Amino acid sequence: MCKLYVYVVTLFLTYVSCRTTNNLYKQGPSFSFPKTFAECTDMIVNPSTPKYVVQAVQSRCLDGFISVDHTHRWARNMTRDEQNYIKSVFRKVINDAAQLNKLRHKRDVGLFPRRLRREVRAAPYQHWQNYARNVRRLKYETITHNGRSKYDVLADIHSIAVINAHDGPNFLPWHRLYLILMESALGTPIPYWESTIDYEMEDPVQSILWTAKYFGNGYGMVKTGPFANFDTPLGKLFRNIGSDGALFNKPGVNMLLSKFRLQQISEPMADMQASVEGQHNGVHIWVDGVMNNLESSPHDPIFFCHHAFVDFIWELFRKQQITRGIDPATDTFEQPANVTFQDITEVAVGLRGYYNNDGYSYKIANMVKYDPQPHCPTCAGSQDLYCDERKRVCVSSRRDPREFAGQPEEAMEMAMNNGMMNNEMMNNGMMNNEMRNNGMRNNNQNTRPFPFYNRDMRVRMDSVH
Ligand SMILES: [Cu+2]
């Protein structure tokens, strides 16, 4: 009986797929499969698209959304179930985008509350709590019984894209798509961490962020807060804040916003002190530990908050372009003759099916909305920000000095265990910047298994905090 059922179903499916293929074939040269994400959603929501084409397009678009032919040592271990999980999250992204298409002309766009990104400390506090709770949910939900955690699988997508999504023009669009994917899995907006607010403090390591209320302790293994005791590829989650690197600061952000063309703020041709990726690297280095490693960084949930701020800066940049009559969807990147390691139109590695160019589209940009940066006098109504009347900027509150801050020695030990050099060793000349930076491109050869964020000084406004 059961066998017969399977047989009938198989027969039916074969019939349907043949019919679909034939019909598509019959459409002749006028029909072509979508090549970009935007084309996928357009065809799916277009009322004149026949249903069978929609189905074919849908499965084709989804099939493209998972990269299986990469050889990265972490990603190649991805199981079928894990790939299917990522596909299911992509399905949510497509549905959201299609939904937004339908709502385009309505005043109340119902999607925005789901992707309204606000500063981590902005009121209400519940906004941050939702993020933290959903990160924990994904961290402790496994894909199959005894399988890997959903969070870990999503975090590892980044490790597939270490080379293609960094140190070049793919940086902004790739990470924009990655944030949207993560947000769909979380089902809650990613709060952005505006680190200029901490930069304005006398001593940013004293920020309230490094407490159980927000990110958890800043030194050594993270033992307080929602991400306490998270397992990462480098062992337990650890940090070592403030020993090196630089937070975002207002002159740096203003420098970025004083430019008009994407090329002026993108590697490898960014103007002096105007590299958005370079400034962003400074924050990874500042947080240190799991965040200061290109392969492991998304395993610290701060990653997404930091990147939401990077994306926000890009969004401010795009809005300015529009008012200046520059179309951000076409002001992408001219391939410079001397750059061969990246092709800007290439499929986004790890987010296969998306093209990096999709990241430049209005469609993707319109899926997200940013709450304005906290400003004086109210500072986003936050309990943990105050307005510095003299400088007229919002500044972060300090943490209670009695709260557990962590153990810096522990961070040192973790770094040593993972073959990561500490700053002292670097300053002693055991490893120079060049070696550190080269590690990034050699990571397939096991010579430098732990790629650090590029710390090229050229790109930074200053080198203190
Ligand atoms: Cu990245």
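Me: How many residues of α7 are buried?

Reply: Start with the terms: helices (H or I, at least four residues) and strands (E, at least two) are DSSP runs, numbered from the N terminus. A residue is buried if 20 or more other C-beta atoms lie within 10 Å of its own, exposed if 12 or fewer, and partly exposed in between, with C-beta atoms placed from the backbone. Here, α7 is mostly covered, with 16 of its 16 residues buried. Bear in mind that this is a predicted model: local features need pLDDT of at least 70, side-chain atom pairs count only at pLDDT 80 or more, and totals for chains, interfaces and linings use all residues. Numbering runs from 1 along each chain as its sequence is written.

Me: And what share of the protein chain's 465 residues is buried?

Reply: That's 44%. The protein chain has 16 helices and eight strands.

Me: What does α12 reach from its first C-alpha to its last?

Reply: With 22 residues (302-323), helix α12 reaches 32 Å, close to the 32 Å expected. G325 follows α12, and its phi is positive too, near 80 degrees.

Me: Which residues does the "domain: Tyrosinase copper-binding" annotation cover?

Reply: UniProt annotations may be inferred rather than shown by experiment; positions use the numbering used here, and feature names are shortened. This one, from an unreviewed UniProt entry, covers residues 166-183 and 300-311. Residues 166-183 are 72% helix and 0% strand, while residues 300-311 are 83% helix and 0% strand.

Technical notes:
The expected span of a helix is 1.5 Å times one less than its number of residues.
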